[in-house]
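Visitor: Hi, I'm new to reading protein structures. Can you walk me through this one?

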Amino acid sequence: MPAASLLPLFGSPAGPGALGGSAGGGAGGGGRKAAGPGAFRLTEKFVLLLVFSAFITLCFGAIFFLPDSSKLLSGVFFHSAADGAGSLERIRADHERALREAKETLQKLPEEIRRDIRQDKEKLLQDARGRKEAGAPGLPQRLFRQPVGAVGQEPADPVIREKRDKIKEMMKHAWDNYKRYAWGLNELKPISKQGHSSNLFGNIQGATIVDALDTLYVMEMKEEFKEATEWVEKNLDFNVNAEISVFEVNIRFVGGLLSAYYLSGEEVFRKKAVELGEKLLPAFNTPTGIPWALLNIKSGIGRNWPWASGGSSILAEFGTLHLEFIHLSHLSGNPVFAEKVMNIRKVLNRLDKPEGLYPNYLNPSSGQWGQHHVSIGGLGDSFYEYLLKAWLMSDKTDEEGKKMYYDAVQAIETHLIRKSSSGLTYIAEWKGGLLEHKMGHLTCFAGGMFALGADGAPPDKTGHHIELGAEIARTCHESYDRTSMKLGPEAFRFDGGVEAIATRQNEKYYILRPEVIETYMYMWRLTHDPKYRQWGWEAVEALEKHCRVDGGYSGIRDVYNNHESHDDVQQSFFLSETLKYLYLLFSEDDLLPFEHWVFNTEAHPLPVLHKDDENKEENKK
Ligand code: DMJ
């Protein structure tokens, strides 16, 4: 639209340039024209123009300065006259109400104002509680009752208290640096100060956050727990095209979320755990129901590690789903999770076992064992741990799990446990009937397992199982003590004239693993022998001296060297396991007591499903 047509009040322009300087020039140049009747002189026109524009400005100003002018404007310009009147009515009513409320508040006594604030607060709290109890969409309602021992007392002894505080400070150092340099990513590279990703989780992110949640809770690091919870709420996403390790995602993510739920009661953790559990279900779509090791959680396509004997699944992987899956059924009301893991047992129980031992490899299609390699360390370890803990977690009702565990320990004792010439007890590996006299760092968890299982062993064997635990703890302590850094190697041998020493360069590393400290913690709780706290403290000193760096904690390439060569990875299990077990070692026994909790293999505490509680739930229905 030409500009001139916007200004009808100014009359028709005289010609080209009429709005520009030339117009004035033209007027000036043409001299003053005689004013006709009803016509204005130029100055009068100018004054009139001024008055008029002042008037327009005032009108607009009035509109904009009126309260809630945007509503009024929209009423004026976009609505019918009736709507505009309605809006004005509403605005007036709003103003009157606001004035009334302000007057009433001013008339209130301070005590009445305080009471109102209190009531508002209570309502907010009730709403929050309601949200917790209402459950997530698609999940049954569940009344949250925090299990016994989610928090404990301060240690009575000030020296122990100081040590425990130091361990909490280590957690803070690990967490703060992860937060500073790798927030939201899976792990931290503490030397290069950036994120570290491992292919175990595909592109699921946040492994350190989920793994650390329960440690933050137990250590009462409330701010950090809150920020981790918020991250899970807003960012933890399983709708990704990712090929993941079913075992690793289960023990770290499902286990971490379940524990966080049982400790805090925050529904978001229950919801996410079940959501993730459902994503893992296609892994069981094999001819036998023995799950694949790897799964694409978008397509549901699974496969096994290419290096695993003839396309086999791994004992320690498919055998370490039981605790989490039982809890998934418990929390979701969906029996499918429990059915899947109970079927694994059925398959195992149908098979012949060489010398009563469980080989590490099982083909999910044929249902036959792969290579006859047996290990209580890597590839086998947590399968045995979960048999025992399934029985404990069932409040000692899972007789099948119990029998499988004690039968397996019997075979392990007969075929794998040996004593060195100087009297160190160790657990060797079995390769088709031949023993390899090597023990992995991973195998050291077994000391704690034997001691924890002592209670359920036949009465004449109870002391023996505790003793076995103590002997493994001593051997593993020796494996630490015989290095320059007082940190244990990945594997140590009892052959070629050495005992509890790594002889191969590629077995000399320490990646912040927890198993030795885990065994100290169990042995301390079950015997209260102070040497376990002393050994745990030696590990703290070594970690501080050799693994702590400005940017967090790092693994070490060679623990026999006097100079650290750091591997630049802060493993998520350092926060979930190593530091948690250390903290528990210097806590009172009332924190996460064994009668009420079992730890999954990533040290995530899961409550014992007490018979009495179930009866109570049943009676309520
Ligand atoms: C952890 O992820 C778990 O403890 C697992 O069972 C074995 N390895 C690591 C820690 O060493």
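This is a predicted model: local features need pLDDT of at least 70, side-chain atom pairs count only at pLDDT 80 or more; totals for chains, interfaces and linings use all residues.

Visitor: OK, how many helices and strands does the protein chain have?

Guide: The protein chain has 21 helices and 18 strands. Both are DSSP runs numbered from the N terminus: helices are H or I with at least four residues, strands are E with at least two.

Visitor: And what share of the residues counts as buried?

Guide: Of the 621 residues in the protein chain, 51% count as buried. Buried means under 20% relative accessible area, exposed means over 50%, and partly exposed is in between (1.4 Å probe, protein chains only).

Visitor: What about contacts between residues 24 or more positions apart?

Guide: Those account for 68% of the contacts in the protein chain with a separation of 6 or more. Contact means heavy atoms within 4.5 Å.

Visitor: Let's do helices. How do α16 and α17 pack?

Guide: Helix α16 (residues 445-452) and helix α17 (residues 462-481) pack at an angle of about 165°, and their axes are 7 Å apart. Axes are lines fitted to C-alpha atoms, for helices over the stretch in contact, and angles run from 0 to 180 degrees between N-to-C directions. The two helices, α16 and α17, are therefore roughly antiparallel to each other. The cut-offs are under 35 degrees for roughly parallel, over 145 for roughly antiparallel, 65 to 115 for roughly perpendicular, and oblique for the rest.

Visitor: Which residues of α16 and α17 meet?

Guide: From α16 you have Gly447, Phe450 and Ala451, which meet His465, Ile466, Leu468, Gly469 and Ile472 in α17. By class, the residues in this contact of α16 with α17 are five nonpolar, three polar and no charged. Here Ala, Val, Leu, Ile, Met, Phe, Trp, Tyr, Cys and Pro count as nonpolar, Asp, Glu, Lys and Arg as charged, and the others, Gly among them, as polar.

Visitor: You mentioned His465. Is His465 buried or exposed?

Guide: His465 is buried, with a relative accessible area of 4%. Its place is in helix α17. Not counting residues up to four places away in sequence, His465 touches Tyr406, Val409, Phe450, Ala451, Ala454 and Ala457.

Visitor: Back to α16. How does α16 pack with α18?

Guide: With helix α18 (residues 515-527), α16 packs at an angle of about 25°, with the axes 6 Å apart. That makes α16 roughly parallel to α18. In α16, Phe445, Ala446, Gly447, Gly448, Ala451 and Leu452 meet Glu515, Glu518, Thr519, Tyr522, Met523 and Leu526 in α18. The contact of α16 with α18 has seven nonpolar, three polar and two charged residues.

Visitor: How about α13 and α15, at what angle do they pack?

Guide: Helix α13 (residues 336-350) and helix α15 (residues 399-415) pack at about 45°, with their axes 12 Å apart. So α13 and α15 are oblique to each other. Met342, Arg345, Leu348 and Asn349 of α13 make the contact with Glu400, Gly401 and Met404 of α15.

Visitor: New topic: how many residues of α14 are buried?

Guide: In α14, 13 of its 13 residues are buried, and the helix is mostly covered. Asp395, whose phi is positive, near 60°, follows α14.

Visitor: And how many of the residues of α10 are buried?

Guide: Ten of the 14 residues of α10 are buried, so α10 is largely enclosed by the rest of the structure. Phe269, Val274 and Leu280 are among them.

Visitor: Where does His372 lie?

Guide: His372 lies in the loop between β7 (361-362) and β8 (373-374). His372 is partly exposed, at 35% relative accessible area. In sequence His372 and Gly432 are 60 residues apart, yet in space they are 5.0 Å apart, C-alpha to C-alpha.

Visitor: Last one: how far apart are Glu541 and Leu487?

Guide: They are 54 residues apart in sequence and 9.9 Å apart in space, C-alpha to C-alpha. Glu541 has its place in helix α19 (residues 531-547), and at 47% relative accessibility Glu541 counts as partly exposed.

Key
Residues are numbered from 1 along each chain as its sequence is written. Side-chain values use heavy atoms; hydrogens and water are left out.
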